[in-house]
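Hi,

Here is the structure I promised to pass on. Have a look at it first, and then read my notes below.

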Amino acid sequence: MHRDWYKDAVFYEVFVRAFADGDGDGIGDLIGLTARLDYLQDLGVTAVWLLPIMPSPLRDDGYDVSDYFGVHPDYGTLDDFRTLVAEAHHRGLRVVAELIPNHTSDQHPWFQASRDPTHPQHDKYRDWYIWSDTDARYADARIIFLDYEPSNWTHDPVRGAYYWHRFFHHQPDLNYDNPEVQQAMLRVVQFWIDQGVDGVRVDATPYLYEREGTNCENLPETHAYFKRLRASVDAYAPGTMLLSEANQWPEDVLPYFGDGDEFHMNFHFPLMPRIYMALAKGNRAPIEGVLARTPDLPAGCQWGTFLRNHDELTLEMVTSEERQFMWECYAPEPRMRLNLGIRRRLAPLLDNDLRRIQVANSILLTLIGSPFLYYGDEIGMGDNIHLEDRDGVRTPMQWDDGPNAGFSSAPAEALYEPVIDDPVYGYRRVNVQAQRTGPGSLLNWTRQVLRLRRRHPAFGRGDLHLLSPDNRAVLAYLRRHPRETLLVINNLSSEAQEIDLDLQAYGPGRMRDLFSDEILTGEPSTTHHFEVAGYAYRWFELLQSDLLKR
Ligand code: GLC
């Protein structure tokens, strides 16, 4: 087994509630997901990341944990989870679970004991959360859920004090100055490793510690704790991948990799909105700009890239002008906006234009790092902006055109959320079954590109070398790896574009189109001329001369 398997991985993010209902109660579950693993294997992804499945009052879809050592009864049992892991492994799929270390639900027994001086275990848990007599401390910390929370402090009448929370008021932050809390979370990770997981996505990493006079993000104490977590995981189960969700600028994310001794992976948040900006402007400048700010990573580390996920398309890591531009362009209706972001799915964001969806995915799959696909985006599912919060991008997976889109056998009224049923994105038109048989479908295209990607280690492991053709509507780059050099050309505009590339330094001039297998022969000592249709992408392998090969 490769210790750095995550470098070649394509991850698929699953909201278990939304994916497949195995027991007919209207809610997706682990049995349902297990039964659909063949689909994921056939799609060509190599790892599955599950949103939280632990017991929870589900006021933040499980990011409000009330028991770290179990499975929510809606989703099944620990046995079901272990079966899922075994079946995934049997198909060569890895499983990544969630760790939510920053906060618990206010229903968690730890918080119940902490808040209540009459609770028999109050003495033990009193300092497990961050309590204060005033709500004036840590005033420099921003509010993240701006649309819902007026403050990071909420008054608790039971304890007669304020408690600290970076997210919803029902998600009190744990107190990491308390050694027992530190220890407890290490134990939680070991528990999930014992259930067989190959990796852990660690939620909301920047916010573990608070210090007066700082913005309470990315503090040295936070990094010290995560290094300890890494050491503990490395000792307990070497090869377990740790992925951090630090929604920060690249220079602030770099410390999350440490010297290769903190996280293996972190999402590249600032890149994501710039892919949309570049497409909206038909100009590569936003992507070039963020890549210029993106540092090289220590050995063994990898970026996680994505176009969409279960949250709003976050616009925290952009300037206010860029945010305004993104809102006007991609969220013209107020209901499409949430906090500092946009609560829409990939296909509606890109006007359901197959060419734009494909070129966005071409960038995602070839530029840097390991890509994450969000469930349903591979068939171009839509969203429902009339649902609250982020629910509109978490609707049931659309498997076929039968009742409930094939998601569940329950009566439609019993579904945890309605299936999308509009004329454009509704399940009667957009579903797995229909796209399986359609040769030009997004699903079959995705299967094809994932297969191509898997054959070329340079996509996951190669250096990135940006090319600078005069025509700025084109984003072109090389991915260089000892085994191969790949050339990718993406047209960010709706119009056909032409570019000249001087590739003499990289080989004798012959290249193979990865899609058609056609060999292009360039004149040595001249430039290559390419014509690229609107929103088209080309992937090539630069062929070394036979002499070099021998
Ligand atoms: C992360 C999750 C988000 C959740 C928040 C609070 O940002 O992605 O869904 O609401 O943490 O746990």
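Predicted model: local features only at pLDDT ≥ 70, side-chain atom pairs only at ≥ 80, totals over all residues.

S5 and strand S6 (residues 161-164) pair in the antiparallel sense over four bridges. Helices (H or I, at least four residues) and strands (E, at least two) are DSSP runs, numbered from the N terminus, and two strands count as paired if DSSP finds at least two bridges between them. Residues are numbered from 1 along each chain as its sequence is written, and side-chain values use heavy atoms, with hydrogens and water left out.

Back to the hairpin: four residues lie between S5 and S6, and Gly-160 in the turn has a positive phi of about 70 degrees. Across the pair, Asp-156 sits opposite Ala-161 and His-155 opposite Tyr-162. The open sheet has three strands in the order S4-S6-S5, with antiparallel pairing. Strand S4 (131-132) and strand S5 (153-156) are at the edges with a single partner strand each, so one side of each has no neighbour in the sheet.

The domain assignment (bounds from an automatic or database source) gives domain 1 (10-102 + 179-360 + 370-444), domain 2 (109-164) and domain 3 (455-549). The centres of domains 1 and 2, taken over C-alpha atoms, are 28 Å apart. In contact (heavy atoms within 4.5 Å) are 23 residues of domain 1 and 17 residues of domain 2.

Together the two bury about 1,700 Å², 54% of it on carbon and sulfur atoms; that is accessible area (1.4 Å probe) lost on being put together, summed over both parts. In domain 1, Glu-210, Glu-212 and Asn-339 lose the most area to domain 2, together 31% of what that side buries.

Three salt bridges run between these domains, a salt bridge being a side-chain nitrogen of Lys or Arg within 4 Å of a carboxyl oxygen of Asp or Glu. Lys-124 and Glu-180 also pair this way through their side chains (3.1 Å, N to O). Helix H7 (residues 179-194) gives the most to the domain 1 side that touches domain 2, with four residues.

How many salt bridges does a search of the whole structure find? The count is 38. One to look at joins the side chains of Asp-8 and Arg-461 (2.8 Å, N to O). Asp-8 lies in the segment before strand S1 (11-14) and Arg-461 in helix H17 (residues 458-461), so the pair ties together parts that are 453 residues apart in sequence.

Cheers
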